[in-house]
Amino acid sequence: MSIAVLFAQIYPLCLFWAAISDLTTMTIPNRLTLGLAVAFVPVALLTHLSLAGWGIHIGLGLAGLVLGMIFFALRFMGGGDAKLLAASALWLGWDGFVALFLYTALFGGALTLSIMAIRQFFSIHGPKMPPWLGRHFEPKGDIPYGIAICAGGITAIWQSDFLIILRP
């Protein structure tokens, strides 16, 4: 059970930290994504992840980075978002990887539509808001996509290899 507790604490806490950081500063710190990726190693060792499992997880992390870089190049997300996506993908395994991208796209679409609607109706109130919140009311402002990655990553936990291993 200690592995489940470790997983249940590190992965979601890092995702929540990223979401809050992206919402308030529009940045996701590199130390956060690096810490999330490095924290995968002891969890994988403690669960006795096979050599093939290591290859799959690392490959999926790299695939997440490549996809994130493509999304960054297309201006769908920022660089910090791309790195967070890769670090999150590293943790989940194949089924979790697919779920991460599916759920992140769904939550990202809902987040984007919500912010666009808020901008339409409340743009005049932006200057009256605290600066970290007011920037989201700017007509051409960016979307804090770390929130969608957090929501997608938390939702994808249930498809993670680590939780599948721990099920009775």
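Let's start with phenylalanine 97, which is buried, with a relative accessible area of 8%. Buried here means under 20% relative accessible area, while exposed is over 50% and partly exposed is in between, using a 1.4 Å probe and protein chains only. Phenylalanine 101 is buried as well, at 17%. Both of these phenylalanines sit in helix H4, four residues apart, about one turn of the helix.

A quick word on the source: this is a predicted model, where local features need pLDDT of at least 70 and side-chain atom pairs count only at pLDDT 80 or more, although totals for chains, interfaces and linings use all residues. Residues are numbered from 1 along each chain as its sequence is written, and side-chain values use heavy atoms, with hydrogens and water left out. Helices are DSSP runs of H or I with at least four residues, strands are runs of E with at least two, and both are numbered from the N terminus.

Now, the rings. A pair of aromatic rings is described by the distance of the centres and the angle of the planes. Rings of Phe, Tyr and Trp (its six-membered ring) pair if their centres lie within 6.5 Å; planes under 30 degrees apart count as stacked, over 60 as edge-to-face and the rest as tilted. How many aromatic pairs does a search of the whole structure find? Six. One of them joins phenylalanine 40 and tryptophan 54, edge-to-face, with 5.6 Å centre to centre and 75° between the planes. That pair links distant parts of the chain, since phenylalanine 40 is in helix H2 and tryptophan 54 is in helix H3, 14 residues apart. Both residues are buried. Phenylalanine 97 and phenylalanine 101 make a tilted pair, at 4.8 Å and 55°. Ring pairs also link Tyr11, Phe40, Trp54 and Trp91 into a cluster.

On to the core. A nonpolar core is a set of buried Ala, Val, Leu, Ile, Met, Phe, Trp, Tyr and Cys residues joined through side-chain atoms within 4.5 Å. The largest one has 36 residues, and those with the most contacts inside it include Tyr11, Leu36, Phe40 and Trp91. Helices H1, H2, H3, H4 and H6 each give two or more residues to this core, and H4 gives the most, with 14. Have a look at leucine 36: leaving out residues up to four places away in sequence, it touches Tyr11, Cys14, Leu15, Leu84, Ala87, Ser88 and Trp91, where contact means heavy atoms within 4.5 Å.
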